[in-house]
Amino acid sequence: MTLETERLILRPFQEADAADLYEYAKDPRVGLPAGWPPHQSVEESREIIATVFSAPNTFAVVDKPSGKVIGSAGFVGRHQTLLPGPDDEIGYALSPEYWGRGLMPEAVEELLRYGFEELGLCSIWCNHWDQNQKSRRVIEKCGFRYRFTREEDEPLVGERRQICFYAWEEEEWKAIKY
């Protein structure tokens, strides 16, 4: 499955994307705010592609003009019992080289459309560490509604964090989008 926006292509990751993934995933500004440690090698990025990013509905975010993989976005397969189902969580990461251009909100908007219209989801949710203001801005720009905050352990980075949760339910999304 390939999705397309004005400036981006969202497509399945390929093993050949490992170098592009490593280029941004080694930066501590990318993974640590999202709860995962920086990648240590191209081989580690290749392993992440084979294990994590091979999941259905997980996409490489490709910059159309350059053809370069500049991020990842997709549904992560986690569910919230507080929301109508079926539901899924959106996760995303973007190379700092591309921050501030509105690219991740563009990708997330397409994932919302895809999730509600093609996957038949009733709820789509996401979250951010309360200190991750860049992720918070993406969530706000995409119109997600704040639901609650709770404290959680982030085992991959060894911290306990305040996590803010947001969601769209299909009916409210349709009422605003159409």
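**Helix pair**

I looked up the packing of helix α1 (residues 18–25) on helix α3 (residues 42–51) and found that their axes come within 8 Å and cross at roughly 110°, the axes being lines fitted to C-alpha atoms, for helices over the stretch in contact, with angles running from 0 to 180 degrees between N-to-C directions. Helices here are DSSP runs of H or I with at least four residues, strands are runs of E with at least two, and both are numbered from the N terminus.

I note that this is a predicted model, in which local features need pLDDT of at least 70 and side-chain atom pairs count only at pLDDT 80 or more, while totals for chains, interfaces and linings use all residues. Residues are numbered from 1 along each chain as its sequence is written, and side-chain values use heavy atoms, with hydrogens and water left out.

For the contact itself (heavy atoms within 4.5 Å), I list Ala-18, Ala-19, Leu-21 and Tyr-22 on the α1 side, meeting Val-42, Ser-45, Arg-46 and Ile-49 of α3. These residues divide into six nonpolar, one polar and one charged, where Ala, Val, Leu, Ile, Met, Phe, Trp, Tyr, Cys and Pro count as nonpolar, Asp, Glu, Lys and Arg as charged, and the others, Gly among them, as polar.

**Salt bridges**

I then turned to the salt bridges, of which the structure holds 17, each being a side-chain nitrogen of Lys or Arg within 4 Å of a carboxyl oxygen of Asp or Glu.

One of them joins the side chains of Arg-78 and Glu-89 at 2.7 Å, N to O. This pair links distant parts of the chain, with Arg-78 in the loop between β4 (69–75) and β5 (87–94) and Glu-89 in strand β5, 11 residues apart. I checked accessibility (buried under 20% relative accessible area, exposed over 50%, partly exposed in between, with a 1.4 Å probe and protein chains only): Arg-78 is partly exposed at 38%, whereas Glu-89 is buried at 8%.

I also looked up Glu-152 and Arg-150, whose closest N and O atoms are 2.7 Å apart in a salt bridge; Glu-152 is buried at 17% relative accessibility, and Arg-150 is partly exposed at 34%.

**Network**

I record a network of salt bridges linking Glu-110, Arg-113, Glu-117 and Glu-118. Within the pair of Arg-113 and Glu-118, the closest N and O atoms are 2.8 Å apart; Arg-113 is partly exposed at 22%, and Glu-118 is partly exposed at 43%.
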